[in-house]
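I opened the model to look up a few local features. My notes follow.

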Amino acid sequence: MKNFFKVVDIDDVYAHRASFPVVDSEILPLASAEGRVLAAAITADLDIPGFTRSTMDGYALQGAATFGATESNPGYLTVVGSVAMGEQPGFRVGPGEAVRIATGGMLPQGADAVMMIEHTEALDDNTVEIYKSVAPGQHVVAKGEDIALGQTLLTSGQPVRPQEAGLLAAMGCETVCVFRKPRIGIISTGDEVVPVAEVPGPGQIRDVNSTTLSAMTVAAGGQPRVYGIVKDNFDRLKTTCARALAENDMVLISGGSSVGMRDFTIEAFEAQAEAQVMVHGVSISPGKPTILARSGNKPMWGIPGHITSAMVVFRVLVQPFVAYLGGLDDRFRRVFTIPCRLARNLSSAQGRVDFVRVRLEYEDGALYAEPLLGKSGLIHTMVKADGLVRIAAHVEGLDKGDQVAVEII
């Protein structure tokens, strides 16, 4: 236990990510790629749109032919045809001429703008009166204006949202190369922990952590696998940990990171092949006794058993590792914050980063963060919380009314 509570900063923990490899890739149908992370860059092999097209219903024409036209001094153009949707016009528009066109239609040669139909009146089949000027390029999208041939569209490490999926569809990608979801083995420990389906006896509690951490793993882009409850028995924990390491890319043990006589997590980690304890103690609250170790090229985490501590540690420390293993580039890892006023004074100990649960409330047109104080074993405080306020290590506390950034959970 010689490395116990040699606390390190959050950024020091993050720095260890680079020592682990990302997972391998797989090919998926485009319809199944939403929410996954690209494993290869996507380069445009064509222009989009592939032709200059109208963005309005109206008349395709030469913009210069409309200059000076107003409601009191209209202009007159000769209608020389129309453009059907999906066809390539076989004629040219000259000065003083116009053609009927619908939104999305291909501009004929010679035309460089579109006059909205609302600013025109057809006098007969061959003549249209216009009441406004348009500049060349107005109400049209030029060839390649959206996407240009050879342009790098998406990069490796970028998540596929609906808009990226639409872009891939526009490029004709029926399949996509993405990173596999990292597999996360989850183990709960403790003689006092019983399965969810069992009624707790005196001194017992249900296994809340497996369910909560599994859900957080899914939200982080991972694939959880639960290994149940391991009682405070070193041999069983060592064996279960070895099995989880063989079957997953990361192992997460909740409970057993403190100094208790029967807490065997760190010993079980050290008993694994090619083991190294990298961190045992992080300068955060809650979650100071967090363990980060490795077995070969796989990370192993020991996080507190108290549910609030476990959830905060996962969000602050473990989630970035899950995202990294899954190939997500840090440029695309979002932490959303909302500026608020603090609803009451908050004390804090210097030398650590405090994460305080808060509920958001409107008062007199302003948004306030109301701290939800309570012990780290009380899950109701997380249920009621909208986010976390981070109090920096060098700050003694915050005063009522101070501006704070709430990290939305």
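Helices here are DSSP runs of H or I with at least four residues, strands are E runs of at least two, and both are numbered from the N terminus. I worked on a predicted model, where local features need pLDDT of at least 70, side-chain atom pairs count only at pLDDT 80 or more, and totals for chains, interfaces and linings use all residues. Residues are numbered from 1 along each chain as its sequence is written, and side-chain values use heavy atoms, without hydrogens and water.

I looked up Val383 and found it in helix α7 (residues 380–384). Val383 counts as exposed because its relative accessibility is 67% (exposed is over 50%, buried under 20%, partly exposed in between, with a 1.4 Å probe and protein chains only).

**Positive phi.** I then checked residues other than glycine. Glu274 has phi near 50°. Glu274 sits in the loop between α5 (265–270) and β18 (275–280). At 68% relative accessible area, Glu274 is exposed. Asp364 has a positive phi too, near 55°. The loop between β24 (353–363) and β25 (366–371) holds Asp364. Asp364 is also exposed, at 79% relative accessibility.

**Cis peptide bonds.** Where did I find a cis bond to Pro49? The bond runs from Ile48 to Pro49, with omega near -5°. I placed Pro49 in the loop between β2 (42–43) and β3 (53–54). Another cis bond joins Ser285 and Pro286, with omega about 0°. Pro286 is in the loop between β19 (284–285) and β20 (291–295).
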